[in-house]
Amino acid sequence: MTNAEMRRPAGAAHDWTIPQDWAHYSAAEHAMWDTLFQRQAAMLPGRVAPEFLAGLDILRLSKRGIPDFDELSDRLMATTGWQVVAVPGLVPDSVFFEHLANRRFVAGRFIRTADQMDYLQEPDIFHDVFGHVPLLSNPIFADYMQAYGVGGQRASGLGAIERLARLYWYTVEFGLIRSGPDLRIYGAGIVSSYGETLFALDNPSPNRLGFDLRRLMRSKYRIDDYQQNYFVIDSFEDLLRETQETDFEPLYAELDCVSDIEIETILPSDRVITRGTQTHGRKASVELAHPPHDASKLAIGDEHGRPDATGS
């Protein structure tokens, strides 16, 4: 279904928001959140950007049970002026950008079931809240997310959403950051995934390349498996500055005149941090070309079935 074909669900407000209805979560749903939280929280120290861990503390996300969006928004609003609003699922790009531009993060309210622990087709509340919201307590990253929303509104009028979606994918969802001599994860698609938290930093398969805005916006990506490329920023300040100081309109026109870059390709101009073997990516491509009867067994990330990086 295209964005133009998406219809606002019954019961959703004009901006596609719905009540979280926190009181109606079951004990099993709260227990699922706790299980996922404990699994990720135990492995993230030393692997995730320290700003993310600080956000967990600021927002008191270690409190047991699914977070109440009203309480979460009160803490966020006092810290960076953001709030979390519930939506029924994927939303049109225009709705997504409008919320980000006004410092509102849209989150699904449902949580996965036990048989979806490591994969589900649509991002759930654990991905959206645990993965994304802690960094919204960081003033620099919070400003970046708002700037992305404003940029998305402009990109919509320029027919360039696909280009801008790649920026979101390779930073907000699957970004790495330098921390002294080491690399850390910060993208929500990694942070909320047990398997990709390990894969992104430890596996020899993926390329890890220095952040380059033009190169990144020409780069294809995978939605069906772990990433074959990760782009590494030096700091959130650098990421915000580069995106704020770039005039995207002529950049979009420039990129329309060049071809996309295939996933495995490393260019002579790339700043290569790790040249990956690409073993995992090639194996997954072969398996997808010859799927078993139960093709869902191939999907191993938290949200790699997600069709659109901007439709959170």
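**Close-up views of a predicted model**

**View 1. Arg103 sits in the loop between helix 4 (93–101) and strand 2 (104–108).** Helices (H or I, at least four residues) and strands (E, at least two) are DSSP runs, numbered from the N terminus. This is a predicted model, in which local features need pLDDT of at least 70 and side-chain atom pairs count only at pLDDT 80 or more, while totals for chains, interfaces and linings use all residues. Residues are numbered from 1 along each chain as its sequence is written, and side-chain values use heavy atoms, with hydrogens and water left out. Arg103 counts as buried because its relative accessibility is 14%; buried means under 20% relative accessible area, exposed over 50%, and partly exposed in between (1.4 Å probe, protein chains only). The side chain of Arg103 makes a polar contact of 3.3 Å with that of Asp143 and another of 2.5 Å with that of Gln146. A polar contact is a pair of N or O atoms within 3.5 Å; within protein, one must be able to donate a hydrogen and the other to accept it, and residues adjacent in sequence count only if both atoms are side-chain atoms. Leaving aside residues up to four places away in sequence, Arg103 also touches others, among them Thr80, Trp82 and Ala142 (contact means heavy atoms within 4.5 Å).

View 2. Helix 1 has 17 residues and reaches 25 Å from its first C-alpha to its last, close to the 24 Å expected at 1.5 Å a residue; the expected span is 1.5 Å times one less than the number of residues. Its buried residues include Trp33, Phe37 and Gln40. Phe130 touches Trp33, Phe37 and Gln40, among others, not counting residues up to four places away in sequence.

**View 3. Strand 3 (residues 176–179) and strand 4 (residues 182–185) pair in the antiparallel sense over four bridges.** Two strands pair if DSSP finds at least two bridges between them. Leu176 has Ile185 of strand 4 as its bridge partner. The two strands form a hairpin with two residues between them, and Gly180 in the turn has a positive phi of about 65°.

**View 4. Five strands make an open sheet with mixed pairing, in the order 4-3-6-5-7.** Strand 4 and strand 7 are the edge strands, each pairing on one side only. Strand 5 (residues 207–210) and strand 7 run antiparallel and are joined by two bridges. In strand 7, Val272 is the bridge partner of Leu209.

**View 5. Asn229 lies in strand 6 (residues 229–233).** Asn229 is buried, with a relative accessible area of 1%. Its side chain makes a polar contact of 2.9 Å with the side chain of Asn207 and reaches the backbone oxygen of Ile263 at 2.5 Å. Tyr170 and Gln278 are also among the residues that Asn229 touches, not counting those up to four places away in sequence.

**View 6. Ile261 is placed in the loop between helix 12 (248–255) and strand 7 (272–274).** Ile261 counts as buried at 4% relative accessibility. Ile261 and Arg218 are 43 residues apart in sequence, yet 5.7 Å apart in space, C-alpha to C-alpha. Arg218 is one of the residues that Ile261 touches, along with Arg215, Ser219, Lys220 and Leu267, not counting residues up to four places away in sequence.
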